[in-house]
Amino acid sequence: MIERLQAIEKIAKEKLQASVTGAELEAWRVDFLGKKGELSSALRAMGSLPAEERPKIGQVVNTIRTTLEEAFESYKTKLETQWQKAKEESEKVDITLSPRLPFLGTMHPLQRVIRRIEDIFIGFGFTVERGPHVETDHFNFEMLNLPKDHPARDMQDTFYFHEEMLMRTHTSPMQARTMQQRAPHVPLRILVPGRVYRRDDDDATHSHEFTQIEGLVVDYGISMSDLKGVLLTFAKELFGEQQEIRLRPSFFPFTEPSAEMDVRCIYCGGEGCSTCKHTGWIEILGCGMVHPSVLTMNGYTDGDVTGFAFGMGVERIAMLLYGITDIRQFYTNDVRLLQQFIAVAR
Ligand code: PHE
């Protein structure tokens, strides 16, 4: 009996040292000190011993129990100290480490350019309007003098939902919408920034989704010189007082006459460089006098009321202003692009 008890004590001590987790400790306690544990069953077995041996064995059992209880408590304390230490170690804060600055973005370059251009035109008395991106064929084409079979529709490859519904290919439908809303009221001076959509293959200078800013002025006696004066003043505000512009004859079905506006290359000043393809000029917008049919179709029937309109590509201008060489950089949402603008004041 004594040998059996000593064997239990030995095994118990070994197993205790092998326990590492709280669950293992608890299992050990149940196995050796619990009511159904090894020692308790040894005590119960005492019943079969001769009466004179019982006190002796009882004493041995109690000594072993006390030894094991003490061993358990001290081993448990030791483990708990280790656990606490490990926890503190893992939560340690090194206050001498230099701080990680928060990862800041900033206003997107396109939005930055839109705001600058809005500010300039607001200064001229324009109001900023917005229109639907999902447009009807009616406003995107018909009301802009582009009937169904018009060859100039091919200038803008269109995403159609069905025959009458499409993604707007330009911001010009807002010309028609605004005129219909306000005619015969004058003056009309609106600026319309927004996304437009065309079936284009994406590359460094083309995107199927890009940004335009439309301008429209309708009033009595508006002439081509008003158009030129406004656009020249705009170009000087945006690029600097020395900025020169030129208007080249062009064609749009909704303006007559139509023109494209170039600015003197802001990189080489006109000497010729790769950005301006050695022409000294960079095209930034299309414009013209509102076609008389567009005016009448949209409610301005008084022959003395005339207007001008223009539409510019915002990406193009942002690329020029900030030296961005790939249009796709605007859409990939790389915060590193934005971070370069944190230091830019305007
Ligand atoms: N809507 C034309 C385009 O997208 C630009 C334009 C606008 C031209 C207004 C003239 C007048 O190409």
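Which ligand atom does a polar side-chain atom of S172 lie by, and at what distance?

Reply: First, the ground rules. This is a predicted model, where local features need pLDDT of at least 70, side-chain atom pairs count only at pLDDT 80 or more, and totals for chains, interfaces and linings use all residues. Numbering runs from 1 along each chain as its sequence is written, and side-chain values use heavy atoms, with hydrogens and water left out.

Now your serine: a polar side-chain atom of S172 lies 2.9 Å from a nitrogen atom of the ligand. R198 puts a polar side-chain atom 2.9 Å from an oxygen atom of the ligand, and a polar side-chain atom of Q212 also lies 2.9 Å from a ligand oxygen. (A polar contact here is a pair of N or O atoms within 3.5 Å.) On its own the ligand has 330 Å² of accessible area, and the protein covers 92% of that (Shrake-Rupley method, 1.4 Å probe).

Zooming out a bit, 15 residues surround the ligand, and the closest are H170, S172, R198, Q212 and G311; to be near, a residue needs a heavy atom within 4 Å. The shell splits into 5 nonpolar, 8 polar and 2 charged residues, with Asp, Glu, Lys and Arg as charged, Ala, Val, Leu, Ile, Met, Phe, Trp, Tyr, Cys and Pro as nonpolar, and the others, Gly among them, as polar.

As for the strands (DSSP E runs of at least two residues), β6 (209-220), β9 (281-290) and β10 (305-313) each supply at least two shell residues. The largest share, 3 residues, comes from β10.

Technical notes:
Polar contact = N/O pair within 3.5 Å; in protein donor to acceptor, adjacent residues only side chain to side chain. Helix = DSSP H or I, 4+ residues; strand = E, 2+ residues; numbered from the N terminus.
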